Amino acid sequence: MTVAALTMYVEPVEVCDAYRQLAAAVALRLDTTLEPAPEELPALWTHPELLLAQTCGYPWATRLRDQVRLVAAPRYTFEGCADAEHCAFILVPEALAADSLADLRGKRVALNGLDSNTGMNLLRHAVAPLAERGRFFGEVIVSESHANSLALLQQGHADVAAVDAVTYGYLQRAEPGRVAGLRLLQRTRSSPALPFITAASRSDAEVKALRAALGDSLTADPELAAVLAIASFAAVDEATYLPLLDWRRDAVEQGYPVIG
């Protein structure tokens with residue numbers, strides 16, 4: 001039983017479909033038949049017969065490191081992306097009177113998840129120097145997705161959110177109304193793009209074959225590559241993602257271990 005699913009970016013629909021096509025194309029090139037994958041990401045990520053999935057770099061660094069193998073990271077073509085890295089856009093409503101991060105003290109922040117690199121870890125790293133007694137924001141709202149964070153900003157239920165440049169790019173391109181009325185206050189530092197992973201039991205030869213299949217599948221279908229906004233893939237290893245833990249440590253050493 002082999003499973004594969006690329007479900008980190010599920011909106012808009014054409015993007016979700018394109019990632020499904022990519023996973024199927026990789027399996028076909030490797031002459032592997034896919035079985036239905038678990039719907040819950042934690043179960044998918046640690047499935048013993050995982051062929052291919054995508055995860056966030058922060059969960060990989062904090063809990064998946066010894067349970068999966070890193071394969072590759074996409075080189076996305078959106079603004080805020082370079083090589084195989086991306087950043088988060090720190091966004092606020094256009095009407096909010098704020099010119100810098102310091103102006104957000106006491107405001108409501110929307111986090112897509114407490115284990116998100118772009119939505120939490122990079123934002124925490126940016127805010128840590130401004131925190132006082134471990135506090136900076138007035139309220140923390142966990143939205144459960146970047147898209148939901150954008151909606152909370154538009155609806156006036158939150159004042160700031162850090163949104164992955166790739167998510168923002170997909171939505172701005174296909175449904176610009178979902179980012180309307182918002183403005184970029186600041187970009188976070190760059191960070192490795194979300195990695196593609198496989199089961200820990202895969203051999204070096206299998207990982208190499210997966211990288212080749214990813215690249216070949218993209219090259220063979222320029223329309224698919226355009227929908228995904230992926231130019232190519234870069235091989236990655238543990239050293240690529242361990243800096244995410246350095247940024248967490250920086251925040252902890254500045255007395256800001258948890259966004260609040």
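Let me start with two helices, H3 (residues 57-64) and H10 (residues 243-253): their axes come within 9 Å and cross at roughly 85°. That makes H3 roughly perpendicular to H10, a label for angles of 65 to 115 degrees. This is a predicted model, where local features need pLDDT of at least 70, side-chain atom pairs count only at pLDDT 80 or more, and totals for chains, interfaces and linings use all residues. Residues are numbered from 1 along each chain as its sequence is written, and side-chain values use heavy atoms, with hydrogens and water left out.

Helices here are DSSP runs of H or I, at least four residues, numbered from the N terminus. On the H3 side, Gly57, Tyr58, Ala61 and Thr62 meet Leu244, Leu245 and Arg248 of H10, with contact meaning heavy atoms within 4.5 Å. By class, that contact has four nonpolar residues, two polar and one charged; Gly counts as polar.

Next, cavities, meaning sets of points on a 1 Å grid where a 1.4 Å probe fits but cannot get out. The whole structure has one of 30 Å³ or more. The volume of the largest cavity is about 30 Å³. Its lining, residues with an atom within 4 Å of a point, includes Cys56, Gly57, His86, Asn117 and Tyr241. Six lining residues are nonpolar, four are polar and none is charged.

Last, aromatic pairs, with ring centres within 6.5 Å. There are nine in the structure. In one, Tyr19 and Tyr170 sit edge-to-face (planes over 60 degrees apart), at 6.4 Å centre to centre and 90° between the planes. This pair joins distant parts of the chain, 151 residues apart: Tyr19 is in helix H1 (residues 13-29) and Tyr170 in helix H6 (residues 165-174).

Notes. Axes fitted to C-alpha atoms, helices over the stretch in contact; angles between N-to-C directions. Parallel < 35°, antiparallel > 145°, perpendicular 65-115°, else oblique. 1 Å grid on protein atoms, 1.4 Å probe; cavity = no way out; pocket = protein on both sides within 12 Å on 5 of 7 lines; lining within 4 Å. Points joined across faces, edges and corners; volume = space filled by probe spheres on them. Phe/Tyr/Trp six-rings, centres within 6.5 Å; stacked < 30°, edge-to-face > 60°.
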